[in-house]
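Subject: A structure for you to look at

Hi there,

I am passing on a structure that I have been looking through, and my notes follow below. Please keep it open while you read.

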Amino acid sequence: MPSILFVCLGNICRSPLAEAALRAEAQRLRLDLIVDSAGTGNWHVGHPPDPRAQAVARKHGIDISGYQGRQVTPADFRRFTHVIALDHDNLADLRRIAPADGVAELSLLLDHVPGREGQAVTDPYVGDDAGFEVTWAEVTAAARGLVEKLGRG
């Protein structure tokens with residue numbers, strides 16, 4: 001069964017939204033996946049997603065209030081088939097911490113959106129609520145691309 005871990009810096013904005021979007025898309029298509037999210041940093045371990053991330057998810061019919069931030073570990077590279085970074089800095093960090101025996105395929109999330117390959121997902125943390133809508137649109141498009149790819153795989 002495919003297993004996907006989304007990774008951003010703090011695991012309170014982008015990666016929980018990506019997790020929620022992929023869970024929703026997989027459920028809609030009745031595709032069995034394991035989905036989780038984590039951060040490369042440890043500042044928000046055990047904390048719920050940013051209230052603005054919760055609000056945008058809720059607006060789209062998804063409750064992420066029960067999610068809790070966690071930090072990525074070397075074991076994640078053996079546990080998941082795909083570890084997907086939300087931006088270039090986190091992808092570089094993931095490449096540095098990936099153990100030699102890791103099996104996960106590493107990529108950027110927007111690599112799964114035709115025409116957006118190599119681009120980073122918008123980080124809404126320092127902006128206003130509108131940035132969270134942009135991020136939601138990006139992670140939703142990527143979720144669609146991922147399930148299409150995984151459904152074929």
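Before we start, a word on terms: a residue is called buried when its relative accessible area is under 20%, exposed when that area is over 50%, and partly exposed in between, using a 1.4 Å probe and protein chains only. Helices (DSSP H or I, at least four residues) and strands (DSSP E, at least two) are runs numbered from the N terminus.

Please note that this is a predicted model, in which local features need pLDDT of at least 70 and side-chain atom pairs count only at pLDDT 80 or more, while totals for chains, interfaces and linings use all residues. Residues are numbered from 1 along each chain as its sequence is written, and side-chain values use heavy atoms, with hydrogens and water left out.

**The whole chain**

The protein has 5 helices and 4 strands, arranged along the sequence as β-α-β-α-α-β-α-β-α. Its radius of gyration is 14 Å, close to the 15 Å that the globule rule gives for 153 residues, so the protein is as compact as a globular protein of that length. (That radius is taken over C-alpha atoms, and the rule is 2.2 Å times the number of residues to the power 0.38.) Of the 153 residues, 49% count as buried.

**Helix α2**

Which residues of α2 are buried? In this helix, residues 51-59, they are A53, Q54, V56 and A57. They cover an arc of only 165° around the axis, which puts them on the same side of α2; the arc is that of the directions from the helix axis to the C-beta atoms. On the other side, P51, R58 and K59 are exposed. At the N-terminal end, D50 caps α2, with a side-chain oxygen 2.7 Å from the backbone nitrogen of R52. After the helix comes G61, whose phi is positive, near 80°.

Helix α4 covers residues 88-97, and its buried residues are N90, L91 and L94. Seen down the axis, these fall within an arc of 105°, so they line one face of the helix. D89, R95 and R96 are exposed on the other side of α4. The side chain of N90 also makes a polar contact of 2.6 Å with that of T40. (A polar contact is a pair of N or O atoms within 3.5 Å; within protein, one must be able to donate a hydrogen and the other to accept it, and residues adjacent in sequence count only if both atoms are side-chain atoms.) T40 sits in the loop between β2 and α2 and counts as buried, at 15% relative accessibility.

**Two positive phi values**

Most residues other than glycine have a negative phi. N11, however, has a positive phi near 65°, and R30 has one near 55°. Is each of them buried or exposed? N11, in the loop between β1 (3-8) and α1 (14-28), is buried, with a relative accessible area of 2%. R30, in the loop between α1 and β2 (34-39), is exposed at 76%.

**A pocket to look for**

N11 is also one of the residues lining the largest pocket, along with others including C8, W43, H44, D123 and Y125.

Enjoy exploring it!

Best wishes

Note on methods: 1 Å grid on protein atoms, 1.4 Å probe; cavity = no way out; pocket = protein on both sides within 12 Å on 5 of 7 lines; lining within 4 Å.
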